[in-house]
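Hi,

Here's the model I said I'd pass on.

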Amino acid sequence: MASNEEILAGLAEIVNEETGLAPEAVELEKSFTDDLDIDSISMMTIVVNAEEKFDVKIPDEEVKNLKTVGDAVSFIAGAQA
Amino acid sequence: MSTPTLKQHTARTGSRIWGIGAFRPEVIVTNEDVCQWIDSSDEWIRQRTGIITRHRAPREVSVVDMAVGAGAEAISKAGIEASQIGAVLVSTVTHPYATPSAAALIAEKLGAAPAPAYDISAACAGYCYGIAQADALVRAGTAEYVLVIGVEKLSDVIDNHERTISFLLGDGAGAVIIGPSDEPGIGPSVWGSDGSKWDAIGMTHSLMDVRDFSEHAMKADDVESAAADEAHATLWPTLRQDGQTVYRWAVWEMAKMAKKALDEAGITAGDLGAFVPHQANMRIIDELAKQLKLPEYVLIARDIAEAGNTSAASIPLATHRLLAENPELSGKLSLQIGFGAGLVFGAQVVRLP
């Protein structure tokens, strides 16, 4: 099971691969849409890649609740527990 | 008295596409046109969808008119007479009559009557559903030649001011003749449905709601008021989608079905000449191609850039363009996969005419 720091680093890698954003720009308080300019389709690609990387399920109806990077880290940590 | 033995049709060994036709309506809607209706830009639309223009039909051009145009070309390219057609299958969700079917009128106009004719309601998977049925009809000996048409006039069921789907959509028709073949020219169809996502793409409301409103409006005192006019305008059912749900399903679930269609046909991605997915969004097309690990020499249909998303018409239209631009594809294998409202999907490998 990954720590929150490991989840953040893993997410940053996934975001980097999808959008080209520098991994260090992916911080807990950042909003996916407002700060990182990630649209709904890219967000879904990130979600599916995160599911695979962290071996969790992130249901469609949960995706809209993942406003910030921190929301995603918390959800993944909770789903792994 | 003994019970007589029934005769059945003699089954055939194979079926294939004999000819393909297309009809692209004349009105070109650019991204600049779209930006009059939604707050967006040409760059944003190109980047997010890959769409540059869409073809749309003028008010007086119907689903039947477009289907007849595409069907006539398919019959001519196949080198057969319309009277040889043993069934006419029309995939559409925009023929504006629940009954009678578009297919019966199209068969009549093309000279294919009295061939059996019926519509298929399988949205963006409709053309692949038609191919699955035509292949079965030909190989079972029920029909010698089957005309399959995918046709949509989506411009009749859009709301130019909404942002989930309307700006993607175009009109058009594509058609093929399926007929007998000594060599298999259509692989096993991988098709199915997932009604648990029935709400993910579809109309805003039903015709029953339209009826109820009309009855109410006729009784109401304020029938002439602006509010009533506005309510009436928004009552016309139009399309909506939950883009995120559809995108996840269209890429990761459909990649599995596309691979299954290759497996069932006994080939690999390296054996393909072309990949023709439903032209829903360029990003779905790109991500599907990535998931399938297609070799670089496999040509990927990208008709969406010019035609927009034309639902049931998109695969035959895109195939028609690929063949026109790359005649060397004739005789090569193409993986086609349609997916959409239902949710429903259909995929098969076909040998290009």
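Starting with the contact: eight residues of chain A and nine residues of chain B take part, where two residues are in contact if their C-beta atoms, placed from the backbone, lie within 7 Å. On the side of chain A that touches chain B, the elements giving two or more residues are H2 and helix H3 (60–63) of chain A, and H2(A) has the largest share, five residues. (Helices are DSSP runs of H or I, at least four residues, numbered from the N terminus.)

Bookkeeping: this is a predicted model, so local features need pLDDT of at least 70 and side-chain atom pairs count only at pLDDT 80 or more, while totals for chains, interfaces and linings use all residues. Residues are numbered from 1 along each chain as its sequence is written, and chains are lettered from A and ligands numbered from 1 in the order in which they are written.

Ser40(A) sits in helix H2 (residues 40–54) of chain A. Beyond its neighbours within four places in sequence, Ser40(A) touches Gly243(B) and Gln244(B). Ser40(A) counts as partly exposed because it has 16 C-beta neighbours inside 10 Å; buried takes 20 or more other C-beta atoms within 10 Å, exposed 12 or fewer, and partly exposed is in between, with C-beta atoms placed from the backbone.

Over in chain B, helix H11 (residues 314–325) has 12 residues. Nine of those 12 are buried, so H11(B) is largely enclosed by the rest of the structure. Among the buried ones are Ile315(B), Leu317(B) and His320(B).

Cheers

How values were computed: Expected span 1.5 Å × (residues − 1).
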